[in-house]
Amino acid sequence: MTRKEKVLALLKSKEWVTNYEIQSVEYGGVAGLRRLRELRQEGYQIEIKRCIRDGKPSGTFLYRLTGDTGKNQVLRLHQESNGQFKFA
């Protein structure tokens with residue numbers, strides 16, 4: 001199983017996945033986030049939500065698979081009024 005396939009399996013197995021989980025050695029370290037970009041380029045819709053601690057944005061991001069199309073689509077990042085990011 002490739003690391004990209006492992007990242008996809010992780011996203012499918014949980015409601016939300018942290019950037020720290022994706023950046024673990026099992027998923028390729030920092031390159032794990034690159035696998036997310038590759039999945040998006042293949043058409044998978046992945047929502048991003050930034051965690052807030054003590055009223056301030058933290059360095060923790062949550063990711064979840066919202067669409068399992070696997071087809072090439074153009075996805076645009078949109079920041080909502082509450083500070084969360086979504087792909088539209």
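## Arginine 35 and its surroundings

In this predicted model, arginine 35 reaches a handful of residues from elsewhere in the sequence: setting aside neighbours within four places, arginine 35 is in contact with Arg3, Lys4, Val7 and Tyr27. Arginine 35 itself sits in helix α3.

Is arginine 35 buried or exposed? Its relative accessibility is 14%, and buried means under 20%, so arginine 35 counts as buried. The side chain of arginine 35 also makes a polar contact of 3.0 Å with the side chain of glutamate 38.

## The nonpolar core

Let's turn to the core. The largest nonpolar core has 13 residues, and those with the most contacts inside it are Val7, Leu11, Ile22, Leu36, Leu39, Ile46 and Tyr63. At least two residues of this core come from each of α1 (3-13), α3 (31-41) and β2 (45-53). Which element gives the most to this core? That is α1, with four residues. In soluble globular proteins, nonpolar side chains tend to be buried together.

Isoleucine 22 is worth a look on your screen. Not counting residues up to four places away in sequence, isoleucine 22 touches Leu10, Val17, Tyr27, Gly29, Gly32, Leu33, Leu36 and Tyr63.

## Phenylalanine 61 on strand β3

Strand β3 covers residues 56-67 and includes phenylalanine 61. Beyond its neighbours within four places in sequence, phenylalanine 61 is in contact with Val17, Thr18 and Asn19, as well as with Ile48, Lys49 and Arg50.

How many residues apart in sequence are phenylalanine 61 and asparagine 19? They are 42 residues apart along the chain, yet 5.5 Å apart in space, C-alpha to C-alpha.

Methods
Residues are numbered from 1 along each chain as its sequence is written. This is a predicted model: local features need pLDDT of at least 70, side-chain atom pairs count only at pLDDT 80 or more; totals for chains, interfaces and linings use all residues. Side-chain values use heavy atoms; hydrogens and water are left out. A nonpolar core is a set of buried Ala, Val, Leu, Ile, Met, Phe, Trp, Tyr and Cys residues joined through side-chain atoms within 4.5 Å. Buried means under 20% relative accessible area, exposed over 50%, partly exposed in between (1.4 Å probe, protein chains only). Contact means heavy atoms within 4.5 Å. A polar contact is a pair of N or O atoms within 3.5 Å; within protein, one must be able to donate a hydrogen and the other to accept it, and residues adjacent in sequence count only if both atoms are side-chain atoms.
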